[in-house]
Amino acid sequence: MFFRRAGISHTRYQQERQLWPLPIDRLTVLAVLAFLIAAPFILDRLYIVSYLLPLIIWSSAALGLNLLMGGAGQIHLGYGAVIGIGAYTAVHMMRAGIPFELAMIGGGLAAGAIGIVFGASALRIKGLYLAMATLAMQYIVDFVIVQFPAISGGSQASLQVPPVSFLGFPIQGDRTPYYVALFICAMITLFMLNVRRTSFGRALVAIREKDYAASIIGVDPFRYKLLAFWVSSFVGGLMGAVLATCYYRAISPDQFHLDLSIQLVAMVIVGGLGSVLGVFFGVSLILFAPILLNQTIALVADTTGLTLPMDLRAHLPLMLYGGLIMGFLLLEPLGLAKIYSNIRNYFLVWPFRHSRQ
Amino acid sequence: MDVILLAELAINGVFVGLMYALLAAGIVLIYKTSGIANLAQGALAMTGAYVVVMLAGGLGLSMWLAIPLAMAVMFLVGALIERVALRRMIGQPVIMVIMLTIGLEIFLRGLLPGLFGASVKRLDLGIPNAPLFLGDLLLSRALLIGGGVSLALIVLAILFFNSRLGVIMRAVSDNQTASWSVGIRVERAIAIAWGLSATMATTSGVLWGATQGVDWSLSLLLIKALAIAILGGLDSMVGVLIAGVLVGLAESMATGILDPIVGGGTRDVVASVIIVLTLLLRPHGLFGREHIERV
Amino acid sequence: MKLTRRKLVAGTALAALATQFPVRMALAQDKQVLFSFPQDFTKIYTFVTSEYSQGQRDYISLVNGRGGINGYKIVAEVSDHANDQPRAIEAYERAKSQGAVLIDPLSTPVARALVPRVLEDKINMITAFSGRSDAADGTVFPYVLPMSPNYWTQAGLLVDYFKQQDGGSLQGKTICFVHIDTPFGKEPLPIFENLAAREGFTFKAFPYTPPGNDQSAIWPQVRRARPDWTVFWGAAVGQTVALTEAVRNGLDMSRVSSSVWLSESDMDVVGRDQTVGVMKVEPCASGRDPKVIQDILAEVVGKGQGAGPEDKVGTSYYNYGVMMAALMLEGVRRATEIAPDGPVTGDWLNAGLTSITDFTAEGLIPPTTVTPEDHQGGGMGRIARWNGEKFEPATDWYQANQDVVWEQIHKYSAEFKATGK
Amino acid sequence: MPEGRILNCTAIERSFGGLKALKGVDLSVGQGEIVGLVGPNGSGKTTLVNVMTGFYPPDAGQVEIFGRRVTRLAPHRVAKMGVARTFQNLALFRGMSVLDNILVGRHTHMRPSALATLFYWVWAQREELAHRRAVEEIIDFMQLQDIRDEPVDVIPMGMQKRVELARALVAEPRLLILDEPMAGMNQEEKEYIARFILDAREERGITILLIEHHMDVVTALCDRVTVLSYGEVIAEGEPNAAISDPAVVKAYLGERAARRRTGSAA
């Protein structure tokens, strides 16, 4: 309970470079993982299908964006389009009878290929201009998907995902989609955690911070910028396939509009740019705050009889969403991850608050 | 191809382009002084239009009183936004500032319809809708007036940049620290830029609101304004004027010529293609100064 | 400081969790039918939703106030999904967990996204004036119920009306179709194209980019095409802009028409006196004259229990809401007659909904018959013209070109069945 | 001039807009030498280094490193040949610890791959740990043990300079270019760095090109110096002789501030 760092000394590099060097952290991770695995058996199905599942999927996608924005420092306002490319590719492949596992990779590869095109513009421009370029590309991809019935699925512009299975388990009902998404989310999370302790991740940070200094160390800025775009687009495309198969079950162009891109950027920023844990916090807040606010208002109305005009009530979540983005940027630009680490650090050394961490 | 139709499309395109350019001019004004691209400019136009509707409809003011009053209110709103939010963001990475303006956009899009009602509101400037024929050529009065007012305001903005205050703003945009050291109140100049920008957005919101009615979708004007600002060069007022005409023409012609070929509305995608091509071929735009962060 | 912030967060989280329970407790009472109305109050459908929802809630209050239906009370959960699919899915799954037997999302994208779920979960989804037109085929979409003239039917009605007005033939005429460039806007294209071939008129389509706030380059082309009839097809801002541009281009208003998506407030925006003569398709009567609306005014709004501002009562979209609520409750009434003691399930209500016969809601709507095969309800409607004050019926209730419409319905539903599109 | 030239610049020209920053500069560095590059502010020293390391292609002239022409080679390729440099204004990577900053220096020796990252335990771990050993050696050499795990932006300036030097050394370069490594340091810190520079040559056999303003340091460390003024070489040779060359004195005396500095240095 007290001073959780006490008595821990590492004698080998390997120990020190572990993902979670503190035993208390390893314990927490195990507990969370155990909870997530047991969740379908202890929680009402509602919480699985409409809370945990989207949380997992959105977090995995946001992790991909986080690698690009937080890791390599490249702005991307068209990530929704990247996810869309993956989803459409994968669904078309599955409808052609290709198994889910391959279709998922195919979606990732297609998104990665087009993501490279997005990224190519980053070789010439950066900052604000890159933001504008990716924003414009979002619109162009939207246009292409809508305009070609062969892609969007005919006049109804809706494509059903055929029944598929993952590693032999049919993806249907409430539980299997959840476990499939959880498995993939775990893989992506591990990848993102590992990135920070390998030469690949360090090269990305070097590019983000000072690309001229990176290049004199031997890091090719072009190569690593493109690689960052490729990897993050691949993750996006992969998650597009998972999103379509495990969550939406039918895809239509409006699922991948600019709103999704903005939402993901907001998640990454509210969570804390560059933080893996922060992404999960950010996604939870952005995804669930409007729903909870709605219910709170309904509860207040039910219990106190205090009602708001319908228009105001309906728009409060939107204000909250915008307000959250602004509030975090102004008051805690490092996001929820920073708030968490403040609290954690406080308790790590509690009750000796002035000890060095 | 029908020549008269082409002429009509061209004229419409030019005037519509000018109306978009007015919104883009606000973006340029802010970028010139503080290096921030304000992605809430469309939402400011919406806010301005809502304020006009509320003053005119809610308080029963005449339109000609409501509009100047709304412009004054919006000047304060713009300056307030700068004071409360943007000033704290100095020194933060670009993405943070961009996201702040996006957050503001979302917030305003919730606040105004939430307070004043989401249904489309009428904003009548009293411009007759009856068609005006020039031989076989039809001109829309609303577009002529809207484009004309926009042109006048943009020219005013260009002249303003040559006035004393304008020179101060130019100094601020060139080098904030240096401006500080010669006694220019940089914060005030930037706040004024935001105020003016919000005022221009209000005009733009009123002009568009008169055609389409006032609701949240006014904030969607942003993408066109961005295309114009980028094509013209983010720091050039003259660029905005010319890019506005070009983008308006391109969109209008695309609708007339491309749509039947593609079989879909190409209007918005034209703006996006213009943005991408500009950024790839000439990132500083037609008239911008070449001091872009390059790789 | 850190700790107080932490407490604040924890408190908020607790409060948020607490909100999860009360609705469930309400369920403990028996003899009620739970409807879920997650609708779009904030994004694309803002133009219609508040009035539509007001009409629905007022009608349900009216029926509940009279003691319900054969002992059953109707509970309607209204929420906002903002046309956002994750939020809509959350609302749907919540409704499902709570035992809702009917959902009315009033949004085409949301309805399309929910189709696989409702078919699997056997929950009735109402897709009035939205969703898939081919859902009229009850054999393929047993739990999707439009129960209103779909877009294909509306297009068929319009063409038939034009034909009547032009002396029984459209040979050599030109019909221009200005539409929003989305799946919804493109939907009537096959009907117009088929009818153009059959009736011998020239058909020209002009798509505009959503949401359609700038159509200045479209309408000069329409004017120059010298149309005999013009149909504009969109929603929200797109409609008012289209109408404004039509006026500005000097089109004859009495030869311009839209779908069901035109309301008094659109006329306010464009100018009430500038649009006299413009036509729309009416799925139900508008105004306050129908008996149901009078009853609502007397028994609900008059007692201060109205769900919204009184001046909205009787608008087109308000009446659409009343119409759909009336059909749903008629379905409940039929269900209670078939199986008085329930159990209240999706199938139970489905049996009721698909046995609605010649229902007119006391004169509000055309005689509507829903069968397990025909979920459209017969496809009757009428054409109404704006007279500067209100929409005035120009025809009686009638149906037209249903053969072409059903050809399309079967074509697409067969495709859905075969490929799962 | 010793045999085995490491670096050879001939007739380098480079201009920015109308300004001619380099007007035909020749410079050579032999194996194992420490060569000083001095000159008043704005004389083109950093520009010359930027040309050598591939940041600006020269308008005219040739750069040869290890006998290979590197004119127009990208910086990361020059780095791969075994050239490392530090920057006048620190160029450390904020957001990483001291340890990770130094580890980045090993980049040219590692095989970074996104896929290896996913399967860290199978593919990447052994490599990471092997290079960690090399890094720890440099950490010992540069005496950075205490601050190993600190974020790089919170340590003092002098330490940051040392970390940057460590990052350059860990790449095991054959040629090391130091751009004012002692700017803004006190005497004690300067002596430390001077010690490290000498050790780097003695123990690791690294050839060094040193840009420096402190004349005491230059005369003490360098085998030869090249003096630049307005983009031209005005003197070259043994440090004391070159610095007292009349042309050099004149170049420095042009400015009062410069005179004070040379005066105190001499």
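This is a predicted model: local features need pLDDT of at least 70, side-chain atom pairs count only at pLDDT 80 or more; totals for chains, interfaces and linings use all residues.
Across the interface of chain C and chain B, the rule finds 2 salt bridges. Polar contacts between chain C and chain B come to 11 residue pairs, with both residues at pLDDT 80 or more.

Which elements of chain C give two or more residues to the side that touches chain B? They are β7 (202-208), α9 (219-224), α10 (237-248) and α11 (264-270). Of these, α10(C) supplies the largest share, 7 residues. By residue class, that side of chain C has 14 nonpolar, 11 polar and 8 charged residues.

Now the extent of this interface. On the chain C side 33 residues make contact, and on the chain B side 41. The size of an interface is often given as the accessible area lost when the parts come together. For chain C and chain B the buried area is about 3,100 Å², and carbon and sulfur atoms account for 52% of that.

Next, chain A against chain B. Here 44 residues of chain A are in contact with 49 residues of chain B. The two chains bury about 4,100 Å² between them, with 80% of that area on carbon and sulfur atoms. Which residues of chain A lose the most area to chain B? Those are A:Arg124, A:Tyr129 and A:Leu330, and together they make up 17% of what the chain A side buries.

How many salt bridges are there between chain A and chain B? The count is 0. For polar contacts, the rule finds 1 residue pair across the interface of chain A and chain B, again with both residues at pLDDT 80 or more.

As for where the chain A side comes from, the elements giving two or more residues to it are helices α5 (100-122), α6 (128-147), α11 (221-248), α12 (258-271) and α14 (310-331). The one that gives the most is α14(A), with 13 residues. The residues on that side of chain A divide into 33 nonpolar, 6 polar and 5 charged.

To put the two side by side: chain C and chain B have 2 salt bridges and 52% of their buried area on carbon and sulfur, while chain A and chain B have 0 salt bridges and 80% of their buried area on carbon and sulfur. That is what I have on the two interfaces.

How values were computed
Residues are numbered from 1 along each chain as its sequence is written. Chains are lettered from A and ligands numbered from 1 in the order in which they are written. Side-chain values use heavy atoms; hydrogens and water are left out. Contact means heavy atoms within 4.5 Å. Buried area is the accessible area (1.4 Å probe) that two parts lose on being put together, summed over both. A salt bridge is a side-chain nitrogen of Lys or Arg within 4 Å of a carboxyl oxygen of Asp or Glu. A polar contact is a pair of N or O atoms within 3.5 Å; within protein, one must be able to donate a hydrogen and the other to accept it, and residues adjacent in sequence count only if both atoms are side-chain atoms. Helices (H or I, at least four residues) and strands (E, at least two) are DSSP runs, numbered from the N terminus. Ala, Val, Leu, Ile, Met, Phe, Trp, Tyr, Cys and Pro count as nonpolar, Asp, Glu, Lys and Arg as charged, and the others, Gly among them, as polar.
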